[in-house]
Amino acid sequence: MEQIVFPVPSICEFLTKESKLRIYYTTERDEQGSKINDFFLKSEDLFNEMNWQKKLRAQPFLYWCARNMSFWSSISFNLAVLMNLLVAFFYPFKGIRGGTLEPHLSGLLWTAMLISLAIVIALPKPHGIRALIASTILRLIFSVGLQPTLFLLGAFNVCNKIIFLMSFVGNCGTFTRGYKAMIMDVEFLYHLLYLLICALGLFVHEFFYSLLLFDLVYREETLLNVIKSVTRNGRSIILTAVLALILVYLFSIVGYLFFKDDFILEVDKLPNETLLPDRTEPGETMTGEFLYSDVCKTGSSENCSSIIPSDQLITEEMEEENKEHTCETLLMCIVTVLSHGLRSGGGVGDVLRKPSKEEPLFAARVIYDLLFFFMVIIIVLNLIFGVIIDTFADLRSEKQKKEEILKTT
């Protein structure tokens, strides 16, 4: 056997660790021909990146930022989680101000902060750094207040994301490929949108920070597969949903023609204080005389024993007012069947009026309810669920197969 040496070009030392891992995990592994073809298709981009990295060595700050891209990304995510925890637990920030801590607790915080700082200086480990960050943030909250602390964290997150974008551009050389390639780069646009959301949370409202938590989907392949299980076979899901809408439309027409009076739904109206006037002396005004003419007046010679009590009348009127006909027009029928029919476990029959067996359309109503239940709830909705579940199972098996090839081949 003869030993063959393949020389590695000197420019290959400039290839970044992130690019190596990306090639390692994303190259095709189906057949030998497709693997080699896919790898060579990526070689030009890799060569351009290595040339850019070679030029980057002349700019120490940008090179240092580019080399720590993963570190900036993890800081952004941890800050997003921390800011959302502060917003979730303490919003609104009305009663939380600085200087509200007792002296002994304040001293304890200063002590913990100094001890964690000494640990980080003597032995820089991740746990010590986390303890220093936590104690510093607590100290800031009780010194300057929660809202200023959140503002400082948001400003730091914006600065950190700007540094990350610099490192991303420094690694990939995005600007050297022209503005068209930069706009078409989905990953660059994603990080630019992330920076925009950070700025909105800082200058507009704290609730914008909640959108930053979707970065977990970008970071974790399992969650990305959950999203792909809906988007990969999106056409099949959309067509099945269109079929469901057609069926809802047909059932709405049948309901409008034959069962219009059955579409009576209970509603919860907002309380309106102006509905009933002051009833202490109903006969004083013309309005009171008109509204309450049937109410027995104190001191009159009428026999009030047969009159229904006013409280019972009000209760019956309120019960009648809380029910509405929701099929006066075909559009309202469609909205009712779509909203209540799809969300009810037994279909639209669960929310309509319960008919009596003595009614002439009782059999037709039973058939109507059963057809909606079987055709829409059981068949069509389960078709959509089946497509999503099958796609997720395929993605999971592909991931397992890829991991097995990486380990054994």
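Reply: Let's start with a word you'll need: helices here are DSSP runs of H or I with at least four residues, strands are runs of E with at least two, and both are numbered from the N terminus. This is a predicted model, so local features need pLDDT of at least 70 and side-chain atom pairs count only at pLDDT 80 or more, while totals for chains, interfaces and linings use all residues. Residues are numbered from 1 along each chain as its sequence is written, and side-chain values use heavy atoms, with hydrogens and water left out.

Now the bridges. A salt bridge means a side-chain nitrogen of Lys or Arg within 4 Å of a carboxyl oxygen of Asp or Glu. Searching the whole structure turns up seven of them.

Take Lys-42 and Asp-38, whose side chains meet at 3.5 Å, N to O. Both sit in helix 2 (residues 32-56), and because they are four residues apart, about one helical turn separates them. Asp-38 has 16% relative accessibility, so it counts as buried (buried is under 20% relative accessible area, exposed is over 50% and partly exposed is in between, using a 1.4 Å probe and protein chains only).

Next, look at Arg-232 and Glu-398, with their closest N and O atoms 3.2 Å apart. Here the partners come from distant parts of the chain, 166 residues apart: Arg-232 is in the loop between helix 11 (221-231) and helix 12 (234-258), and Glu-398 is in helix 16. Arg-232 is partly exposed at 44% relative accessible area, and Glu-398 is partly exposed too, at 42%.

Then there's Arg-353 with Asp-262, where the closest N and O atoms are 2.7 Å apart. Arg-353 lies in the loop between helix 15 (330-343) and helix 16, and Asp-262 in the loop between helix 12 and strand 1 (264-266), so this pair ties together parts that are 91 residues apart in sequence. Arg-353 counts as partly exposed at 27% relative accessibility, whereas Asp-262 is buried at 7% relative accessible area.

One last stop, back on helix 16. Besides Glu-398, helix 16 (residues 362-408) holds Leu-383, which is partly exposed with a relative accessible area of 45%.
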